[in-house]
Amino acid sequence: MKILILNAGSSSQKSRLYEIIDHPTSTAPTPLWAADASWTPKKGVAELKVTANGQTITQALPAKELSSTIEPLFKTLWSGKTQVITQPTEIDIVGHRVVHGGPQYHQSVLITPDVKVEIQRLAPFAPLHNPENLKGIEEVERILGNGAQVAVFDTAYHSHLPQETMVYPGPYSWFEQGIRRYGFHGISHQYCARRSSQIVKRDLKSLRIVNCHLGNGCSLAAIQAGQSIDTTMGFTPLEGLMMGTRSGSIDPSILLYLQREYGYSTAQLDQMLNQESGLKGISGVSGDMRTVLQAVKEDNQRAKLALSMYIYRLCYFIGAMIASLGGIDALTFTGGVGENSPEVRAKTCEAFRFLTLELDQAKNAASPLDQDIATPQSAVRVLVVHTEEDWEIARECWNVKRTSVH
């Protein structure tokens, strides 16, 4: 089965072609073909990079919108140096990451006209992502015809949160209107949970895992018996941890105060919370952890404050996840920061030494992927896992296709 993955964001998209011969492996294979596009709206230009057959091609295309890059990317599948198939009909199924599935989608589904209507209806919940996800689906229909497509929802993994975790303590009518904690990064959390169990050689159902997805966006998941029972992101990806440019959780009355006393508009507050806060807002340097850490080495006081706040809030929420689980067996780090920053991991783990959590400093410094970096004596395993969202989407597609056939 040849499975094409389209993971579309607001300004970038990843596409991968995998082939599953018999049964999907737990760990991600090298894709037959890989393509990435990044789009700069102000310039109206998309940068494309395609890799296959040991060849890599790059090009810049004028693009009014990100979805217009899909057709030139796909053509490299069946033509040119990166050709890996002879015709589009060889693709058995196309899988899409869809950010928001609302309260009704608890698992991945075959895309039908009704599903498309729902993805559009849910656009106000994820205005930067769901419309782009839908454009991707419709572009695939136009280019490849009416072959099978699957929606893999980022919220689905968290859809079975207990009600006491899911419902906000406002008027109950909020919950009836669909205002509840949904959680995000579910595809990554799901992959990392399974991979963590393999690394520690224990049945996933026996493990209590706190998975730390730390990138520009950051979230934690408390995973028990393979299921998410708590998470830090909520109604939107803004809740929870301090992130690259997002504030994470704050007192909501701050926004009322800024509106009332300074006349801030909704658009200004949205921009401030999502684009001008977090590491960027506090450090004044960057939302990129690598740049902030360099500024810390240069004795930049605001960068030091930003790092201290980031670690404090990370530890604070890890503590909350441990409480939800009633203990912890494995602490997993993933994402750009989680996988590549020994300093963040070390400072975080230091706070949990009271749990007899002990980091192997040499292993941590090396940032080995898919390995346990705790000492043998540690009561808690500490893992670094390279997240593979695209492969998790492919596995979901295989499961949906197999189920629909039977």
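Close-up 1. At 32% relative accessibility, E65 is partly exposed (buried means under 20% relative accessible area, exposed over 50%, partly exposed in between, with a 1.4 Å probe and protein chains only). K135 is also partly exposed, at 30%. Their side chains form a salt bridge, 3.1 Å from N to O; the term requires a side-chain nitrogen of Lys or Arg within 4 Å of a carboxyl oxygen of Asp or Glu. E65 sits in the loop between β5 (55–62) and α1 (70–75) and K135 in helix α3 (residues 130–144), so the pair ties together parts that are 70 residues apart in sequence. Helices (H or I, at least four residues) and strands (E, at least two) are DSSP runs, numbered from the N terminus.

The model is predicted: local features need pLDDT of at least 70, side-chain atom pairs count only at pLDDT 80 or more, and totals for chains, interfaces and linings use all residues. Residues are numbered from 1 along each chain as its sequence is written, and side-chain values use heavy atoms, leaving out hydrogens and water.

Close-up 2. E132 is buried, with a relative accessible area of 13%.

**Close-up 3. Further salt bridges.** K304 and D299 meet through their side chains at 2.4 Å, N to O. K304 is partly exposed at 30% relative accessibility. D299 is partly exposed at 44%. Elsewhere, E71, K75, E139 and R142 are linked in a network of salt bridges. The count comes to 20 salt bridges.

Close-up 4. 6 strands form an open sheet with mixed pairing, in the order β11-β10-β9-β12-β14-β13. Two strands pair if DSSP finds at least two bridges between them. At the edges stand β11 (227–231) and β13 (371–372), each with a single partner strand, so one side of each is left without a neighbour in the sheet. Strand β10 (residues 218–224) runs antiparallel to β11, joined by 4 bridges. Q224 stands opposite Q227 in β11.

**Close-up 5. Helices on the sheet.** Helix α11 (residues 301–325) packs on the sheet and touches β9 (208–214), β10, β11 and β12 (330–334). Contact means heavy atoms within 4.5 Å. The direction of α11 makes about 20° with that of β10. Axes are lines fitted to C-alpha atoms, for helices over the stretch in contact, and angles run from 0 to 180 degrees between N-to-C directions. Helix α13 (residues 342–350) lies across β9, β12 and β14 (381–384), at about 155° to β12.
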